[in-house]
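Please open the model in your viewer and follow the stops below, selecting each group of residues as it comes up.

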Amino acid sequence: MATVIIGGGIIGASTAYYLTNDTSVHKSQPVHVIESSSQPFSAASGYAGGFLARDWFSSATAALGALSFDLHKKLAEEHGGAEKWGYMESIALNLDVSEHAKRRGGSRGDDWLRVGTSRADAASKSHEAQISPLDSAPAWLTKQQYGHVEVISNPGTVAQVDPRRLCEFLKDITIERGVRWHAPVRVLSVRKDSETNAIEGVVVLNSESQTESFIPCKNIVICAGPWTQSVFEALFPSSSLRLRVSPLAGYSLVIRSPRHSLVQEQQTYQGRSHAIFTTHPRDCGFSPELFSRHGGEIYIAGLNSSTIPLPSQAEESKEIMDREKIQDLKRVAVRLMGKLTEGHNESSADVPNEDDLEVLREGLCFRPVTDTGRPIVSRVPDNALGSGLKSDTSAPGRERGGVFIATGHGPWGISQSLGTGRVMADLVDGIKPSVNIDALQL
Ligand SMILES: Cc1cc2nc3c(=O)[nH]c(=O)nc-3n(C[C@H](O)[C@H](O)[C@H](O)COP(=O)(O)OP(=O)(O)OC[C@H]3O[C@@H](n4cnc5c(N)ncnc54)[C@H](O)[C@@H]3O)c2cc1C
């Protein structure tokens, strides 16, 4: 029986992958992905940093996070992820510039994001503390007065991908397996069988050709990121269920530095990435995070806003970028990665670094954030749909049918994507999820 996935970001792509994977006995049943944007991956999944962690999560998502991290590693090993989507092992560092080095205390899960501190506060506390001078940091990080770094990850527990290239890989491989991706298309309504009240299919509209068509299906998975609440409301207007998913905007830059190259990446750092988290410079008002990514690129983000309204289409984000915010982020990039001015050293704190960085891409995108801080990975009970729809509880596997939701991964959607796709496929197939997701159910 067919499954329609609404939202073609990393969660939708991962779900399509595991619905058609050898791990599912129903893998040959039809799967459709409905994506409203004309350009693929123009939302957060295409503009995220791509940092992956195994054990930086609160207890509610710890099992899902670990499963997902292991699936990322496995997928990369099986499909040449190092080349295809820049999968690399990483080392996470906290950069501190206070005169006296101190260890961080912190909160786990997404709390750091909600209280506006650094992601480093979520790091597993099980690593051996190693506070070192900046010499142990990568050469692309400019020396800072009083700067020292603390390694905040254990070997093999953090990694890096280029999320857009990973999404493209997932899209291509699912197309090879027969999944149909429809874009720019939106779902207008759900049609039900008048006798059994079971889902019969969805009516969709192609916004380019303005043509309507019908896709038969029994299962609907909604994973439209920060748009999930509005998609759900449009399809189930009589439901009183409120998902409470809101958008948290984030600016980012992809940068090239003369102090980082493919050769350094391969030879000096042996193909490893560095993830650097800091609250420096204090006066910038946010907590920068920097990731070196495959191909000698460096990604910087951390400048967030909860007041920018979510555009109706992901690709419209480009038009609403605030140039001043981009400049603020660029200034911080130069402070952290620019060239030390000739004749000065890191102790000349008042001398600005030279801007010799090349900006390859500017980004603004929206994380889907829930008010509990936990993602929602769940079947929607029939009685919460408010439309009289009924799944066939006596039917096996995907025949049972129903509506499912996977969203609200906040700052961790890339890291937790494959695990989420895997457990969504389990839920649709009507089997016990690969890991316990009780705390993520509606
Ligand atoms: C600046 C920044 C940096 C980040 N860095 C990291 C990181 O390093 N590591 C990490 O793990 N996470 C990171 N994240 C978080 C991560 O990007 C998100 O959690 C993740 O991309 C969410 O994926 P998604 O598929 O749920 O949503 P999205 O990527 O938003 O995809 C949802 C899709 O649904 C589509 N859609 C919307 N409405 C409809 C409709 N009506 N019909 C059909 N389709 C529709 C959208 O066009 C979109 O393509 C970062 C986020 C930001 C903002």
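Select the shell around the ligand and colour it by class: 19 residues are nonpolar, 17 polar and three charged, where Ala, Val, Leu, Ile, Met, Phe, Trp, Tyr, Cys and Pro count as nonpolar, Asp, Glu, Lys and Arg as charged, and the others, Gly among them, as polar. This is a predicted model, in which local features need pLDDT of at least 70 and side-chain atom pairs count only at pLDDT 80 or more, while totals for chains, interfaces and linings use all residues. For your selections, residues are numbered from 1 along each chain as its sequence is written.

The shell holds 39 residues, the closest being Gly9, Gly49, Gly225, Gly250 and Gly413; a residue is near the ligand if its C-beta atom, placed from the backbone, lies within 6 Å of it. Next, highlight helix H1 (10–19), helix H2 (44–47), strand S13 (245–256) and strand S17 (358–370), the elements that each give two or more residues to this shell. Helices (H or I, at least four residues) and strands (E, at least two) are DSSP runs, numbered from the N terminus.

Now move to Thr117, in the loop between helix H5 (111–114) and strand S5 (131–133). Thr117 is partly exposed, because 17 other C-beta atoms lie within 10 Å, and the class runs between exposed (12 or fewer) and buried (20 or more), with C-beta atoms placed from the backbone. Draw a C-alpha to C-alpha distance from Thr117 to Leu440: they are 24 Å apart in space and 323 residues apart in sequence.

Finally, zoom out to the whole protein chain, where buried residues make up 51% of the 442 residues.
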